[in-house]
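Please read this briefing alongside the sequence and the 3D structure. The notes are grouped by topic.

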Amino acid sequence: MHDRPRVGDAVSGIVRVADGELNVRSGPGTNYTIVAKLSDGAQVWVVCQATGTTENGTYGSSNVWNGISAGGYVADTFVDTGHPHLIPGMAQC
């Protein structure tokens with residue numbers, strides 16, 4: 001991972017999933033409704049972070065969820081933000 005660009009308070013991230021698509025959920029956890037899906041390589045803008053259910057993914061195990069500018073939340077462990085889980089200075093959702 002390497003540092004991703006920042007625009008204002010948002011940080012760019014790239015979705016990294018080995019198979020299928022990444023679920024975008026209405027809240028920070030797998031118990032929330034799926035509101036969209038993102039393909040591997042999709043760019044997202046992380047605007048805040050929250051803790052929720054723990055996911056095992058591309059970048060290990062984490063309970064950090066990224067609030068994205070398009071709306072909804074994605075498990076941080078599937079998003080390359082250039083930071084291992086919590087992004088320094090990122091707002092909490």
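Gly 57 has Gly 60 as its bridge partner in strand S6. Strands are DSSP runs of E with at least two residues, numbered from the N terminus. The model is predicted: local features need pLDDT of at least 70, side-chain atom pairs count only at pLDDT 80 or more, and totals for chains, interfaces and linings use all residues. Residues are numbered from 1 along each chain as its sequence is written, and side-chain values use heavy atoms, with hydrogens and water left out.

**Strand pairing around S5 and S6**

- Strand S5 covers residues 43–57 and strand S6 covers residues 60–68; the two pair in the antiparallel sense over eight bridges. Two strands count as paired if DSSP finds at least two bridges between them.
- Another bridge into S6 links Val 46 with Ile 68.
- S5 also pairs in the antiparallel sense with strand S2 (residues 10–15), over four bridges.
- Ser 12 has Trp 45 of S5 as its bridge partner.

- S6 pairs in the antiparallel sense with strand S7 (residues 73–75) over three bridges.
- Val 74 in S7 stands opposite Asn 66.
- Four residues lie between S6 and S7 in their hairpin, and Gly 71 in that turn has a positive phi of about 105°.

**Gln 43 in S5**

- Gln 43 is found in strand S5.
- With 48% relative accessibility, Gln 43 counts as partly exposed. On this scale buried means under 20% relative accessible area, exposed means over 50%, and partly exposed lies in between (1.4 Å probe, protein chains only).
- Leaving aside residues up to four places away in sequence, Gln 43 touches Ser 12, Gly 13 and Ile 14; contact means heavy atoms within 4.5 Å.
- The side chains of Gln 43 and Ser 12 are joined by a polar contact of 2.8 Å. A polar contact is a pair of N or O atoms within 3.5 Å; within protein, one must be able to donate a hydrogen and the other to accept it, and residues adjacent in sequence count only if both atoms are side-chain atoms.
- Gln 43 and Thr 54 are 11 residues apart along the chain, and their C-alpha atoms are separated by 22 Å.

**The disulfide**

- How many disulfides does a search of the whole structure find? The search finds one, where a disulfide is a pair of cysteine sulfur atoms within 2.5 Å.
- The disulfide joins Cys 48 to Cys 93, with an S to S distance of 1.9 Å.
- This pair links distant parts of the chain: Cys 48 is in strand S5 and Cys 93 is in the segment after S8, 45 residues apart.
- The link of Cys 48 and Cys 93 is right-handed, with 95° about the S-S bond.
- Cys 48 counts as buried because its relative accessibility is 14%, whereas Cys 93, at 40%, counts as partly exposed.

**S8 and the segment after it**

- Asp 80 is found in strand S8.
- Is Asp 80 buried or exposed? Asp 80 counts as buried, at 5% relative accessibility.
- The Asp 80 side chain reaches the backbone nitrogen of Gly 82 at 3.0 Å.
- His 85 lies in the segment after strand S8 (79–80).
- His 85 has a positive phi of about 80°, although it is not a glycine.
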